Amino acid sequence: MKKFTKLTSAVVPLNIENIDTDQIIPARFLKATTREGFGENLFRDWRYENDNQPKADFVLNNPTYSGQVLVAGKNFGCGSSREHAAWAIQDAGFDVVISSFFADIFKGNALNNGLLPIQVSEEFLTQIFKAVDKDAKSALTVDLENQTVTITETGEAESFEINAYKKSCLINGYDDIDFILAQKDLIEEFEIPNPLKGA
Amino acid sequence: MLTQPTGSHATPSPSGRAGVGQTLVEKIWDAHVVKSEEGFPDILYIDTHLIHEVTSPQAFDGLRKRGLPVFRPKQTVATADHNVPTLDQLLPIKEELSRYQVDMLTKNCAEFGIELYGLGHPFQGIVHVIGPELGITLPGKTMVCGDSHTSTHGAFGAIAFGIGTSQVEQVFATQCLLQQKPKTMKIEVNGELGKGVGAKDIILYIIAQISAAGGTGYFIEYAGSAIEALSMEARMTICNMSIEMGARGGLIAPDQTTFDYIKGREFAPAGEEWDKALAYWKTLYSDADAKFDNVLTFDAADIAPMITYGTNPGMGMGIQENIPATQAQPEKEKLSYQKALDYMGFDDDASLIGKPVDYVFIGSCTNSRIEDLREVADFVKDKHKAENVIAWIVPGSKQVEQQAINEGLDKIFEAAGFQLREPGCSACLGMNEDKIPAGKYCVSTSNRNFEGRQGQNSRTLLASPLTAAAAAVTGVITDVRELLTPEPPKGGTERYQ
């Protein structure tokens, strides 16, 4: 898994609430059998017309905005459990998603791929949007070790929560399978009275 | 067949609170904790892993890269549902990528020794329909699937939740998941439902009350007299949509209704196993002094037939109500709210009654079971769909389809101008050919009204099977109560009062 420690980057603002995973990656693009290449269809129907012409007013098509941090309204990633949503965001070059609220499954999927979901307060989210509104190149610094997000221009900062285990996975690039496999004997012991156990 | 908790189930995990009664979620969770360690998520044992063609290929690939087998293939069950056509299922799938994905599932299941109920198998169907009907879904189990509507299985008093593909790989490799114990919420619905109001209306009402994010972080236990009075299939409709308020899981304590439903099903325990299982299942309820992190109570009498007007399942209202005013929304949410109404082509403060409809879709893991089909057949018998409407009925499984034919429902649908198709997820998410065209309105018994969910730029109005059938017959959004006969018809369901 991809490692993450610290990042300073401009942001791509998407001030819309309840962005569901069908918007992030529509179902018709879920037919691939590998994890790569979903980025080109990220936010497909917001980003392109039916004839595949880019929609000029969508933020990802606006050259003013760039960076590895996606900032979105509350309840980001609701709906389907498709991990393709996290893959698409990552494949499009993002390493961090910031919102004031994340859907559970999306958050877990992101963490399992080294894409860092950061939940900030409504107030701080508003501050970020204001800073980017004022200056599109306005940057954020995300420091995972110290669990802080800082608006570079103003120095305004907020700390964020992350499960200590997940934090160490991100910093070291470990995944859950490595962790559980190391305890396989415990699982087998747990299963002893289980007649369903495979042959 | 796992009918009782395994291993160290009697030992409460460190997160269990001494001296306080346990919720149903806590009882099942604690019985499945392989290891609980401060600062780490619990290692949770998974009894049953359901898989389908869309969210599994990358997980199988991951196993190959790691050189691992599926740890417990006999606890894994596969079906093809998301991509499959709903006409001429026995012919090769026309769409190349869909065919490839379904073929991959077949190959992967053969390679890793997993039972597959694929196209042509009499058990094939939507993964959340076949689990219960085959007796695979049982009280007290932990169940996962790479699909957010896995919460459906909670209707039996199981901990069931959707997972991402990395977690599918985790369960393949270890039969376990690393999971934080969820918070618990109890939602009680008490009293009697009114005429024309069913399970779908209950859950759409709850989501409209608490919003599309109101359940995030919780597992929800549904309780109260209105829930207890529901059939198993109606309970599945309720638990299915838990995720639409952000809750990964929703469950209902098993009772006689549950036990009667399970008994005799294909893979249900039988004989001595049944007796042992039943004795255990009867211990599965929240203790009277159990503490929930949140409790909400609703009155069934307040619930009308529901319909959604926006682009998330929380944007729902009683069918006679007007769409809430944009001005009444919190300042920060006005933009997103107006964007949703613009997408739908609706004005705020307007009624939907009388609004023309183009499609009616009766199907999905929410409402495609035999009771749904019977209810629609009862209603449309001796009626005909309106000319402007295309009406699809997509059964949840081959078994549901066969049962519908055995009962002659296919003839009723045909006479009413409804097309009975073959099983699959179909127009719920439009991964196969069953798409709603751009700009068209579809009254759908599915679970999501997101932008483009049923096809690019399609517009979805979520409703119950009865409300959908009423729209098909009149061609416009209709309060189904006005079309119901005052006396219970012969063979009708208890919902006609």
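**Exercise 1. Find what stands opposite B:Leu50 in strand 4 of chain B.**

*Solution.* In strand 4 of chain B, the residue opposite B:Leu50 is B:Val77. This is a predicted model in which local features need pLDDT of at least 70, side-chain atom pairs count only at pLDDT 80 or more, and totals for chains, interfaces and linings use all residues. Residues are numbered from 1 along each chain as its sequence is written, chains are lettered from A and ligands numbered from 1 in the order in which they are written, and side-chain values use heavy atoms, without hydrogens and water.

Next, step back to the strands (DSSP runs of E, at least two residues, numbered from the N terminus). Strand 3 of chain B runs parallel to strand 4 (residues 76-79) of chain B, with 3 bridges joining them. Then look at strand 6 of chain B, where B:Leu50 has B:Cys145 as its bridge partner.

**Exercise 2. Decide which residues of strand 3 of chain B are buried on each side.**

*Solution.* Start with a reminder: side chains in a regular strand alternate between the two faces of the sheet.

**Exercise 3. Describe how chain A meets chain B.**

*Solution.* First, count contacts (heavy atoms within 4.5 Å): 62 residues of chain A touch 71 residues of chain B. Then look for salt bridges (a side-chain nitrogen of Lys or Arg within 4 Å of a carboxyl oxygen of Asp or Glu). The interface has 8 of them, including A:Asp175 with B:Arg66 at 2.5 Å, N to O.

Terms used:
Buried means under 20% relative accessible area, exposed over 50%, partly exposed in between (1.4 Å probe, protein chains only). Helices (H or I, at least four residues) and strands (E, at least two) are DSSP runs, numbered from the N terminus. Two strands pair if DSSP finds at least two bridges between them.
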